[in-house]
Amino acid sequence: MQRMLAKVAAFGLAATLALAGCSSGSGGDASTPGQTPGGGEEITLDFSQWWEVELPPGMMRGLMDRFEEANPGIKVNLISNPYSATVDLQTAAAAAGTLADIVAINGASVYDLKTQGAITNLSTLMDDAGFDPAQLVSNDQIDGATYMVRALNFAYPMYYNSDLLNAAGVTELPDTRSEFEAAAKAVTDPDKNIFAWSLPINVQSPAGFDSQAWLWASGGRFLKDRKPNFQTPEIAKWLEFLKAQYDGGFITPGAFTQAEQQKVEEFTAGRNAMMNGSLAHIGGIRESNPDLNFTIGFVPTEDGFTGKRGLAGASWGMGIAENSEHKAEAWKLIQYVMSTDINSELATAATGFPGSVDSVPGYVDGDPLYELAFKVYQESEFVTELEGLPQALDLNRNLNENLVRLLQGEATVEQTQASLQEYWSGVLG
Amino acid sequence: MQVSNARPSAELAPNKPKRRLSPRLRGNLAAYSYMSPTILVMAVMMATPVVMVFIYSMLSNVVMVKDSEFVGLDNFVQLLSDPVFRKAIGNTLIFTVASVAFHLILGMVFALMLNSGLVPRWLSALFRAAFIVPWVFTASIVVILWQLLLNPSGVVNYLLRTFNILGDRVEWFSNPSLALFTVIFINVWAGYPFFMVSLLAGLQGIPGELYEAAQIDGAGPWNRFFHITLPQLKPIIVAMAMLDFIWNIQHFSIVWLATGGGPLNATETIATYTYKLAFSKHQFSVAAASGVVLFVVSMIVALAYVRQQKGRD
Amino acid sequence: MTLQVSQNVPRRRLLLRIGLLLGLTAGALFAGGPALWMLINSFKPNTEIFAYPPTFIPETFTLDAYVKILTDPGKVRFFINSYVVAGGVVLLTLFAGIMAGFALSRFDFPFKRSLNAVIISIQAVPPITLLIPYFGLVVWLRLYDTLWALVFTYMVATIPYAILMMTGYFNTIPRELDEAVEIDGGGSFRALWQVLVPVARPGIVSVGAYTFMVAWNEYLFALTLTQNRANRTVPVGIQLLMGEHSFEWSEMMAMSVLGSIPVLILFLLFQRQFVSGMTAGAVKS
C-alpha cells in the first residue's frame, strides 16, 4: 500500500512540476513584445499554416529566418495546424479574436472568413505599401477588394499508370470520354484487384476534384454569373458519364467514404490505372514507389469538344487577421513570400505553380514529367470554380451527397440536377 | 439529525454521534468543503460556456454576425423540421443503445473470464494487458487502423476472400446499409475496456464468502452470476451505463472520421449533424440549439439516475 | 455450455479451463489483432502498407519511422506533453473526485442531489457546440496555449466519473471504519485518507486508468486550445502527419505505438490492484 501510494505521489509530483515548468517556459513568450538589443521594439508575427508539413523539413523555417534577417525587429512564429482542421480553427480563433497575424487559407474558406470579419482588406495594405497587384497571377476579389493572396496554385491533371494501360493493350492516352471508357473497361480486373480509377466522394472532407475535373475539362461549369446553373446538357452528360463509370464497375469500391489520400495510395500501389490528382503528388509517388511507371496528361473531354480545356486547381493563399496589431508588418511578410525568388523557391519545393507572375518554378527544366505537366497547365484554363464562394465546403459536400444518391440509383440524372440547383440556389441566392 | 446517504448498506450505519455545536451546520460546512474543488473547476470552466450556448440557441446567427437578435425558439423549430436531423436522432439512438449494450456485455464477459482464477496468474495478467489495448489509441488512429483493415483491398476483405467466406469485397463503410453497423463495431472495440476495467475493480469488492456460501448451497455458475455477481455489481453497472449513454449520445470523433455521417446520412448522428451546422454551414445558433437538445436529454437521464439512487436509500 | 457438465469435478474444471482459454484467446485476437497490425505496419515503408495481398511479415523491414520520430526533439516533446497533461489530470481528478465522493457518500447536505445531477449532466453539452464560447473563456483566463488549459478542460470530463465511482466505492465500506477514527479524535479528513482511500484502492486505480486514457486520447480541445508545437500533444502530433498532399502512414503508426507502450507498462504496474483482490470484501466482514 505504502509503496503504491509513494509511486502515485512521485508520479504526480513529477507531472505537476513538469507541467509548471512547461507552462512557464513556453506560455505566451511568442506574443509578448520584447526589446531588441538595439533598443527598438521587437514584434513577433504569428503565421499559422499547414504548409510546413508539406514542404521539406526546415524549409519553411529557413525562409522565415531569411525574412527576419532582412527585417530586423520582426520575428516570425510559425504555427503548424493539421490541414483538415484549418477552417474550424480559424473560425474559432476569429470568434475569440486570437487569429494569427498571417493565416494560410484556401479559396474554400476565404469568403466565410471575410463575412465573419476575421480577415482584413488587403487592397488597402497593398496601396499603403505601394504594391502593384499586377504582380499577382490571380487577384480574386470579394466585393471589390482583395482578401487573399495566392502564394501557389496547384494543378490537378490526370495521372496514368503506363504499365497497367500497356498490359491492357491501351497504347495511347485517352483523349475523350469514350476513349477513357474503353480504356477503363480494358484495364479493370476485379479479381486482380485492379480498377480503372478512384472517385472519392466522401462527405467528411471533400477535397480534390475527382468528379468536377471531368466537367470543367470539357468547358462545363456549375455556375453562370455566380448563380447555380445545373440544368444544362453539359451537366447532364457529365452525370451520365460518372454513372456509367460506376455502373460499369470501373471505380474502386468504397467510393462513398474513400478519402483523398486513399485514392493516391491506390494509384501509388499500382491498383488504379488513372487518377485525377494534384501535381504535388509526383514527388510522393516517386518516393513511395520508385518502380511505378506513370505519366501525366489531360483530363479527357466530351467527344467532339474543341474549346479550351479546363484544368482543376487549388491554391495556398494567405490573408491577414483583422485582429492583428501588426498589419503593415504582416503585409511585409506576404510581400516577401510573393517576391520573385522566394516564390520560385516555394513553388519548386511544393511542386506548385507560382502566384507571382515573374517567378519560374525550378522543377520544369529537365524532368520530362514536369515539362508535360507544365504543358498541360499552359494549354488549359485554370478552374477554381468553388473558391471564393460562401460556404464552399458545404456546397462541395452537397455535391458529393447528390453524387452518392445518383450512383446508388436513388436519384435520376434529372433529379440530381434539380436537387443541386435547389440547394446551391439556397446558399448562393 | 438523520444523516442519510446513498449507500446500499445504510442500515449498518448508526447515526452520527451528537456534537455540541449545531451538527447540521458542521456537516454542511464539511460537505461543501469536500465538494469545493469539484465545484470550483466546474463553475470556472463550464458555467459561462454552457450559459452562452443556451443564449446562442435563442439568438439569430451568432459568431458570423456581430449584431444578433433574440428569436425565441425559432432555431429549435428549424432544427426539428429538418428531416436529416430527425434521421440523425434515430441513428444516434441506435448508435448509443447498441454501443452501451455491447460495451457492457463485452466488458462483463472479459472481466469475468479474467477474474475466474482458473488460468495461471501470469497468463491472466498477459490477457488483461491485451484486452485493454484498444483503449490506448486516440480516435484518429482507431479510425485509420480500421479503415486500413476494412478497406476493400484491406486485410479483412483479403482474409474473407481467401478463405471464401464472402464471395465479394464488402464495402464496410461505403455501403449505406452496413455503415452504421461498422461504426458501432469500431466504437465498441475502442470503448469496452473502460467497462472491463471498472467491472474488474467492482468484482474485487464482492466478498468471497458470498460465493463460498452459494457453492455450499449447490448453486451453479449461472446461478452464482445472476444471484451474486450481478446484484453486487449493479450500482457500478447502472452508473457506468448512464455515463456511457451520455458520452455516446454526443459521440463525435469515430463516426466523423470514419464516414462523416455518410453515405446518404446512414451514419449521421446528432453530433456530426451539429458539427456540419456549425463549421461548414456556419449556423452556430442552430448548432447551439442542437447542443441544448442533447443537454436536456442527458439531463433527464442524469436526473433519473440520481432519483434511482435516492430510491435505494 | 458450462451448464451441462458431468459430475466428475476435475474433468469439469479441465473442460472449463479449456473453454476459458479459448474464450480468452478469441478475445485477445479481437482486442489485440488490429493493434498488432498497426505494429507490423509501423515497420513497413509507406507503400507496403497498401500492398495487396497484404504482407503479414514486412518484406522491407525498416525502423525509419521510429528513427524519424525519436530523433526529432519537437516530436519527442509531444510525448512529454501528453504524459505531463495526463499525469496532472489523473492527480487532480483523483483529489477532487475522492473528496467529492466522500462528501456524497457520508454527508447529507442541501442541494446534494441537484448538485450531483448537474455535475453528471454538465458534460453532456456536446464539445462541438461548446467549442467557440469555451475557446473564448480560455483566452480570457489567459490559459490559451498552455498545458494547464488542457488539464482543467479534461478535469471537467473526468471528474463526474471519478465522483460516481468513488461514491459507489465508499458506499460499500462500512461507516464504522471511519467513525472509529473520528471517535479517536481524528477528523473526517483523516478518516478519509487513512481508512477509506486505502480500502478503495481498486476503484481509485480504475478511475486513474480511465482519467489517464481520456486525457491521453483527447484531440479536439488539445488542437484548439494550444497552438505552438511546444504545447502539442500526441493526438495532435499524429494529425499533423496527415498533410494536404501526403500522409506519413508508417510514422503515424509508429507514433501511436510509441505512445501506447509506456501506457501499457503503466497499466501492467498498477494492474495488481485488480487481482490482489478481496480488499474491500475483507474489510467488510
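Trainee: Where does H6(C) bend?
Mentor: H6(C) bends at C:Pro133, by about 35°. Keep in mind that this is a predicted model.

Trainee: How many residues does that helix have, and how far does it reach?
Mentor: Helix H6 of chain C covers residues 127-140, which is 14 residues. From first C-alpha to last it reaches 18 Å, close to the 20 Å expected at 1.5 Å a residue.

Trainee: Why is H6(C) described as largely enclosed by the rest of the structure?
Mentor: Because 11 of its 14 residues are buried. Among them are C:Ile128, C:Leu131, C:Tyr134 and C:Val138. C:Pro133 is buried as well.

Trainee: And which residue with a positive phi follows H6(C)?
Mentor: C:Arg142, with phi near 60°.

Trainee: Switching to contacts. How many residues of chain A are in contact with chain C?
Mentor: 38 residues of chain A, in contact with 37 residues of chain C. On the chain A side, H1, E3, H3, H10 and H11 each supply at least two residues.

Trainee: Which of those gives the most?
Mentor: H1(A), with nine residues.

Trainee: What is that side made of, by class?
Mentor: The side of chain A that touches chain C has 19 nonpolar, 16 polar and three charged residues.

Trainee: Now strand E12 of chain A. Which side chains are buried?
Mentor: A:Phe294 and A:Ile296, which point to one face.

Trainee: In which sense do E8 and E12(A) pair, parallel or antiparallel?
Mentor: Antiparallel, over four bridges.

Technical notes: Residues numbered from 1 in each chain as written. Chains lettered and ligands numbered in written order. Predicted model: local features only at pLDDT ≥ 70, side-chain atom pairs only at ≥ 80, totals over all residues. Buried ≥ 20, exposed ≤ 12 C-beta atoms within 10 Å, placed from the backbone. Pairing = 2+ DSSP bridges. Contact = placed C-beta atoms within 7 Å. Nonpolar A, V, L, I, M, F, W, Y, C, P; charged D, E, K, R; others polar. Expected span 1.5 Å × (residues − 1). Bend = angle between axes of the 7 residues up to and from the residue.
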